[in-house]
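Welcome, and thanks for taking a look at this one with me. Here are a few notes to read alongside the model.

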Amino acid sequence: MESIPLLSPYETERFRFSHRTVLAPLTRARSYGNLPQSHAILYYSQRATEGGLLIAEATGVSSDAQGISLIPHTPGIWTKEQVEAWKPVVDAVHAKGGIFFCQIWHVGRASDMGFQPNGQAPISSTDKLLKPQVRTNGIDIANFSTPRRLDTHEMPLVVNDFKIAARNAVEAGFDGVEIHGAHGYLIDQFLKDHVNERTDIYGGSLENRCRFAVEIVQAVVDEIGADKVGIRLSPFANYSGPVDSNPEALGLYMANALNNFGVLYCHVVVPRTVRNGENSETPSCIGLMRSAFKGTVIVAGGYSREDGNHAISSGYADLVAYGHLFLSNPDLPRRFEIDATLNKYKSETFYS
């Protein structure tokens, strides 16, 4: 197996990964009342392997963190009841020797006041309305409410929500947390300059726009330890609106900032395009981040077995996260090992 880069072992100070094929955090829209259900035990344990890394679906840090209008039925980790509901899921993954991280998440303006506590406006870095989008089922249209721009004095309260969520995740048995700083959600709404038009200490300069993300990392590291913390970033993507005028500089700044805390990993969504039926990417996109960041680098972006192996063997990444292929192939590492045919995924069933 070690002759196959994706299946070669990888070690950090805290963890020994038996292979480098990671289950990406995949929203499933199958939780009710923000509680993971019993079928999640089967779902995650099916994809667990001895020494393999799984990242749980995006999990809300507070009652106002949910983006119900876009992605309904998502789990949370801010209450005792939610912690207890996660425990049997985590136990099932650990029973198979898996390493399990919880992705902690706040959607910010990607929400609707009808689903917010007391019908309040969603919070964000901005008061700019997010344009209607096709829902995750690929059919319906999600409409959003005009967000409320967070006041400067409110920022520590939201940071504290992430801190408590991280503490709760560890209490539930997770091996660590991944801070969701990507895909146009709350943290990304602060990072990107086409959305963040603030004039306080959380807007304007690159340092100021990254301040919120850095404060969350600091709080979570202080709470559970740097070796249990990862973060997902998408400086080059424009999901749900946020675009940055200089994504390379943004990515590099965050990589260097993360080094100050010694976090376990940085999970980067790589911009990949399909040409002539094949995925292609520009390695220089995350080249600066890769060179600067001193921890483990995970990449995601529709990788196949072949280009995942190339990403590892070339030193472009340490681990590769798989989404669609892992949904339709719970035994994906084994199929990669023997180069077996892969089941085709059915996107219409992802969120039903």
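1. By class, how many nonpolar, polar and charged residues does the lining of the second largest cavity have? The lining has seven nonpolar, no polar and one charged residues (Ala, Val, Leu, Ile, Met, Phe, Trp, Tyr, Cys and Pro count as nonpolar, Asp, Glu, Lys and Arg as charged, and the others, Gly among them, as polar).

2. A word on the basis: this is a predicted model, where local features need pLDDT of at least 70, side-chain atom pairs count only at pLDDT 80 or more, and totals for chains, interfaces and linings use all residues. Residues are numbered from 1 along each chain as its sequence is written, and side-chain values use heavy atoms, leaving out hydrogens and water.

3. Back to the second largest cavity: A255, C266, V268, I286, M289, R290, F293 and V297 line it (lining residues have an atom within 4 Å of a point on a 1 Å grid where a 1.4 Å probe fits but cannot get out). Helix 7 gives the most to this lining, with three residues (helices are DSSP runs of H or I, at least four residues, numbered from the N terminus).

4. Now the largest cavity. Its lining includes G181, D188 and M254, and divides into five nonpolar, three polar and one charged residues. Helix 6 gives the most here, with three residues.

5. Finally, please look at helix 2 (residues 80–95) and helix 3 (residues 155–172). Helix 2 passes helix 3 in a right-handed crossing (the near helix is turned clockwise from the far one by less than a right angle). On the helix 2 side, the contact is made by K80, V83, W86, K87 and V90 (heavy atoms within 4.5 Å).

Notes. Helix = DSSP H or I, 4+ residues; strand = E, 2+ residues; numbered from the N terminus. 1 Å grid on protein atoms, 1.4 Å probe; cavity = no way out; pocket = protein on both sides within 12 Å on 5 of 7 lines; lining within 4 Å.
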